Amino acid sequence: MREQLEALRDDAIEKIEQAQEKKVVQEIRVKYLGKKGPVTEVLRGMGKLSPEERPVIGQLANDVREAIGKAIESKMEALEQAEIHRKLQEETIDVTLPGRPILKGGAHPLTATITEVEDLFIGLGFSVAEGPQIETDYYNFEALNLPKDHPARDMQDSFYFTDELLLRTQTSPVQARTMEKYKGKGPIKIICPGKVFRRDDDDATHSHQFMQIEGLYVDHGVRMSDLKGVLQAFAKSFFGEERSIRLRPSFFPFTEPSVEVDVSCGICHGDGCRVCKQTGWIEILGAGMVHPRVLEMSGFNPNEYSGFAFGMGVERLAMLKYGIDDIRHFYTNDRRFLAQFKRV
Ligand code: PHE
């Protein structure tokens, strides 16, 4: 019996020592120390022993139980410790790791360009006006000296809803709308950024939808030299102090005289290169002195008032300033493109 008990003890302790999981140790506890376990089983045979042997074996049985119990306890303790240790290791925070950057949005390059131009003109005393994108034939064309049969309407293929309603092809209708609002009394000094639409096939330089910024200054004695001065200030501020502008005669039905305005090429500085098509100059906008008929139609006396107006394409400005080679980049929302224009 003694050997049996000792063998049981050694067997149990060995199993306990090999156990890697608390669950296994629990199973050993149930198996060896439970009511139906082998130690109890052995003790059942005590009746057959002599009175002298009984206490000795009884004592041994208790010792065996105790030894197994202790082994279980210390194993449980060790496994517990190991688990805590493992958790601590797993959950260690490495404070030296670099932080994850928080992704911040930024203004779209077109919005940024408009804001920059607005800021400049606000500094020159202009305020910002707005007009509808769905426009009447009257404001988009007629009030700008383009009667229904005027051939210059062909310069701007249009999206019509009805004979009288269309998506505006330019921001110039805001000129007429604003002048009407002022009821024949100046001064008017506004710029108007906004979306415009033309029936163009999209390619690297054309888009059926794009943005313009219109400018209008009406007052007593506004002269062409005022136009030139303002546009020169704009070009230098937007493109760089070293740049200059030149005015070329052109035609718009709502301005007389009309000009196209070029800025000196920022790549070759006038020598001629691929960007400026060897001319040294790049066209940036259309402008002119407000046509007397346009002033008159919108309620201003052309003998009393004169004015200048200009209109520029926002995409074109941004493409020239940032060296963007395809207008479609503005509308495809590729983050790799947009992220380059983030300002802090
Ligand atoms: N509206 C003209 C265009 O879209 C530009 C322009 C505006 C020209 C104002 C002269 C004066 O081409």
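Helices (H or I, at least four residues) and strands (E, at least two) are DSSP runs, numbered from the N terminus. Contact means heavy atoms within 4.5 Å. Axes are lines fitted to C-alpha atoms, for helices over the stretch in contact, and angles run from 0 to 180 degrees between N-to-C directions.

The model described here is predicted: local features need pLDDT of at least 70, side-chain atom pairs count only at pLDDT 80 or more, and totals for chains, interfaces and linings use all residues. Residues are numbered from 1 along each chain as its sequence is written, and side-chain values use heavy atoms, with hydrogens and water left out.

**Domains**

The protein has two parts, domain 1 (2-90) and domain 2 (109-341). These bounds come from an automatic or database domain assignment. Between the C-alpha centres of domain 1 and domain 2 there are 94 Å.

Two packed helices are described by the angle between their axes and the distance between the axes. Helix α1 (residues 2-18) and helix α4 (residues 53-90) have axes that come within 10 Å and cross at roughly 0°. α1 is therefore roughly parallel to α4. In the terms used here, angles under 35 degrees count as roughly parallel, over 145 as roughly antiparallel, 65 to 115 as roughly perpendicular and the rest as oblique. Among the residues of α1 that meet α4 are Leu5, Ala12, Ile13 and Ile16, and the α4 side includes Val56, Leu60, Val64 and Lys75. By class, this contact of α1 with α4 has 13 nonpolar, no polar and five charged residues. Ala, Val, Leu, Ile, Met, Phe, Trp, Tyr, Cys and Pro count as nonpolar, Asp, Glu, Lys and Arg as charged, and the others, Gly among them, as polar.

α1 also packs with helix α2 (residues 22-33), at an angle of about 170° and with the axes 10 Å apart. α1 is therefore roughly antiparallel to α2. Leu8, Asp11, Ala12, Lys15 and Ile16 of α1 make this contact with Ile28, Lys31 and Tyr32 of α2. Five nonpolar, no polar and three charged residues take part in the contact of α1 with α2.

**The sheet**

Seven strands form an open sheet in the order β1-β4-β5-β9-β8-β7-β6, and the pairing is mixed. At the edges are β1 (127-128) and β6 (245-252), each of which pairs on one side only. Two strands pair if DSSP finds at least two bridges between them. The table gives two of the strand pairs.

| Strands | Sense | Bridges |
|---|---|---|
| β8 (residues 281-290) and β9 (residues 306-313) | antiparallel | five bridges |
| β6 and β7 (residues 255-264) | antiparallel | seven bridges |

Met289 stands opposite Phe308 in β9, and Leu247 stands opposite Val261 in β7. β6 and β7 form a hairpin, with two residues between them.

**Helices on the sheet**

Helix α5 (residues 109-123) lies across β1, β4 (188-197), β5 (209-219) and β9, and runs at about 165° to β4. Helix α7 (residues 173-182) lies across β4, β5, β8 and β9, at about 145° to β4.

α5 also packs with helix α8 (residues 224-239), at an angle of about 135° and with the axes 11 Å apart. α5 and α8 are therefore oblique to each other. Their crossing is right-handed; a crossing is left-handed if the near helix is turned anticlockwise from the far one by less than a right angle, and right-handed if clockwise. Thr113, Glu116, Val117, Leu120 and Phe121 in α5 meet Val230, Ala233, Phe234, Ser237 and Phe238 in α8. The contact of α5 with α8 has seven nonpolar, two polar and one charged residues.

**Backbone details**

Most residues other than glycine have a negative phi, and most peptide bonds are trans. Gly186 and Pro187 are joined by a cis peptide bond, with omega about -5°, and Pro187 sits in the loop between α7 and β4. The bond from Glu256 to Pro257 is also cis, with omega near -5°; Pro257 is in strand β7. His269 is not a glycine, yet has a positive phi of about 55°. The place of His269 is the loop between β7 and β8.
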